[in-house]
Each structure stands twice: as C-alpha cells, then as structure tokens.
Amino acid sequence: MYSFDYHRPDSVEAARSLFAGAEDPMYLSGGMTLIPSMKQRLAAPSDLIDLSGLQALQGIEHVESQGGTSIRVGALTRHNDVAANGLVLNQLPVLAQVVSSIGDNQVRNRGTVGGSIANSDPAADLPAALLGLQAVINTQDRQIPADDFFHDLFETALAADDILVSVDFAVPLRATYQKFRNPASGYAVVGVLIAEYATGFRVGVTGAGPCAFRACTLEDALNQSFSPKALNDVEVPDAGFNSDLHASAEYRAHLVKVLAKRAVSDLSQHR
Ligand SMILES: Cc1cc2nc3c(=O)[nH]c(=O)nc-3n(C[C@H](O)[C@H](O)[C@H](O)COP(=O)(O)OP(=O)(O)OC[C@H]3O[C@@H](n4cnc5c(N)ncnc54)[C@H](O)[C@@H]3O)c2cc1C
C-alpha cells in the first residue's frame, strides 16, 4: 500500500473542505471495498478522509416525503445495523432482507449503506433496493431520485467530492427480494426486487448489467396481471448484459425472469 494522509473530520463541511484542499483524496466509510482496492494498488489516494465521525450520516428515522412515508437511513449505517433495526423490521422488512443477504457477517459488520451505494458495484444488492423502493439519495446539497442515480459501471450521479448523507426509502404496500448468490463472495449474480405501490409495481434488477436498472417490461406485465404466468411471454434481452466467468449474458437474462417469477410467487403468498 502507498503512504497517504489520514483525516477524521467532524462535520460534512470540514470533510468537503479537506477534499477540496487535497491532491487526490477519497472518502472512507467501512473500508470493505476501498481498503482492499488500496492493498491491490487499484486505488492510491493521497488523502483518506474518514467519514465515521460525521453525525449527519448516522441513524435511521421515519420521514414524510414523496407524498408518503419513507424510512431515512444514514449513509454510515452498517448493513447489520439496518438488518436489526426495529423501524426497518416493522415498516420495511424487505430492506432487512436485502442487507442480510450481503457477503458474510464480517462484511455486514463493517460495510455501510452509503459506501455500498456510492461504490455502485454492478453485483451489489442495495442498488436493486433503491430502484425498487423508489429511493431518494440525499447528498450535502442535492436530492437525487434513484431512477437518475446509477449511470454505468461504478458510475453514479455523485460528483467526486459529493458526500452521500442518507437515503430515503418509500415504504411499499409489499415487497420482496430474490437473489442468485455467488457462492464464493455472496455478491448477486443477479438480484431482483419487486415492490408494490398504489401507483403500480416496480422491479429493480442488479447483477445483470453494468449497473442496476428497472425492468420496465416486467413492471408493465405485472401491472396488467400480477402472476408469475404474466411474465411468461416477456422478453428480457441480454444485449449489454455482463458476461464473465460467473455467468454468461444469456444466463443472466434468464435469471432475471426466473427470479422475478419467484418474487411474484413469494409476494402472492403475502397478500
Ligand atoms: C468479501 C466481500 C463480500 C461482499 N459481498 C457483498 C454482497 O454480497 N453484496 C453487496 O452488495 N456488497 C458486498 N460487499 C461489499 C460491501 O457491501 C461493502 O459495504 C461495500 O463494498 C462498500 O461499503 P463500505 O462502507 O465498506 O465503503 P468503503 O470501502 O469505505 O468505500 C467504498 C467507496 O465509496 C466511497 N464512499 C464511501 N462512503 C461514501 C459516502 N458516504 N459518500 C460518498 N462516497 C462514499 C469511497 O470513497 C469508496 O470509493 C462485499 C465486500 C466484501 C469485501
């Protein structure tokens, strides 16, 4: 690992000012992705700005937004703390389901919601939840709807100096997450989250493409008729899908439909 300067500011403003004054800085949250990247010399920041002292990025609370109820999750909240939170378990159990499927216990004890979303790994679980649960991403000065957030492989709407402060998840009528897990890492080969709102169904997909996306053709079919059979004739084209040693693009496209059908069956039992 190269040498670097370490900072632990106590406010968002101080963190951003350190960022502005450094040569090649990076923010640090749980370090589950960034530290291994530094060890492998895939990242070599001149300055590490540790966000763990920022109060504004802590906590889970209930907020009224988007004309309904949302659960606001602070960016520094660790996956295991989301999974054990009473408000989440009562009002947004699907989020506990999603984060409980991440990696292993060590990763869930260190990794944070903000770090996972900012990193936007194509196989990360939370991006599917953001899209399915019509989330809004709050930075120090902007609110970004999840639909506008994921741009490409490891690319999001965040600017390099933006700090992801919290995420608002809209509470659905019902929702579930189905994941085809890589047995080695735990990451999603494909993951599908389906949520129902008064306005219709939303389907968030991760693992299949360079970044998470909404499967609008599946949403349309489910809005016509909510049953696994309704998805039989829907095409999921594999153009642009990831193809690697874990799964071909064609296989991933197949998985999207299989997991979506499983999600529909699961939700049908919880009417
Ligand atoms: C063995 C292993 C298995 C894993 N399995 C899974 C899995 O199954 N599913 C899954 O979804 N994930 C998985 N992960 C990733 C895990 O979820 C981490 O939480 C995630 O990679 C990064 O979170 P972090 O808090 O550790 O971020 P860090 O590593 O600290 O940072 C990651 C990136 O985000 C930036 N960043 C961090 N916080 C902020 C912020 N608040 N604002 C702006 N930028 C920020 C950093 O600058 C850096 O670029 C796995 C990781 C490991 C090591």
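Guide: Two strands are said to pair if DSSP finds at least two bridges between them. Strands (E, at least two residues) and helices (H or I, at least four) are DSSP runs, numbered from the N terminus. The model is a predicted one, in which local features need pLDDT of at least 70 and side-chain atom pairs count only at pLDDT 80 or more, while totals for chains, interfaces and linings use all residues. Residue numbers start from 1 along each chain as its sequence is written.

Strand 3 covers residues 47–50 and pairs with strand 2 in the parallel sense over four bridges. The open sheet has three strands in the order 1-3-2, with parallel pairing. Strand 1 (5–7) and strand 2 (25–28) are at the edges with a single partner strand each, so one side of each has no neighbour in the sheet. On average, neighbouring strands of this sheet are turned by 20° against each other, direction ignored. For such angles, axes are lines fitted to C-alpha atoms, for helices over the stretch in contact, and the values run from 0 to 180 degrees between N-to-C directions.

Helix 1 (residues 12–21) lies across strand 1, strand 2 and strand 3, and runs at about 175° to strand 3. Here, contact means that the C-beta atoms of two residues, placed from the backbone, lie within 7 Å.

The wider setting comes next. The protein is divided into domain 1 (5–53) and domain 2 (56–268), with bounds that come from an automatic or database domain assignment. The C-alpha centres of the two domains lie 26 Å apart. Between them, 13 residues of domain 1 are in contact with 15 residues of domain 2. Helix 1 gives the most to the side of domain 1 that touches domain 2, namely five residues. That side divides into seven nonpolar, five polar and one charged residues. In this classification, Ala, Val, Leu, Ile, Met, Phe, Trp, Tyr, Cys and Pro count as nonpolar, Asp, Glu, Lys and Arg as charged, and the others, Gly among them, as polar.

The ligand also concerns strand 2. Strand 2 and helix 7 (113–119) each supply at least two residues of the shell around the ligand, and helix 7 gives the largest share, five residues. There are 29 residues around the ligand, of which Gly30, Met32, Gly103, Gly111 and Gly115 come nearest; a residue is near a molecule if its C-beta atom, placed from the backbone, lies within 6 Å of it. By class, the shell has 15 nonpolar, 13 polar and one charged residues. Domain 1 and domain 2 each give at least three residues to this shell.

Another open sheet has four strands in the order 11-12-13-14, with antiparallel pairing. Its edge strands are strand 11 (174–181) and strand 14 (213–214), each of which pairs on one side only. Strand 11 and strand 12 (residues 188–197) pair in the antiparallel sense over eight bridges, and arginine 181 stands opposite alanine 188 in strand 12. Helix 5 (residues 93–100) lies across strand 11 and strand 12, at about 10° to strand 11.

In total, the secondary structure of the protein comes to 10 helices and 14 strands.
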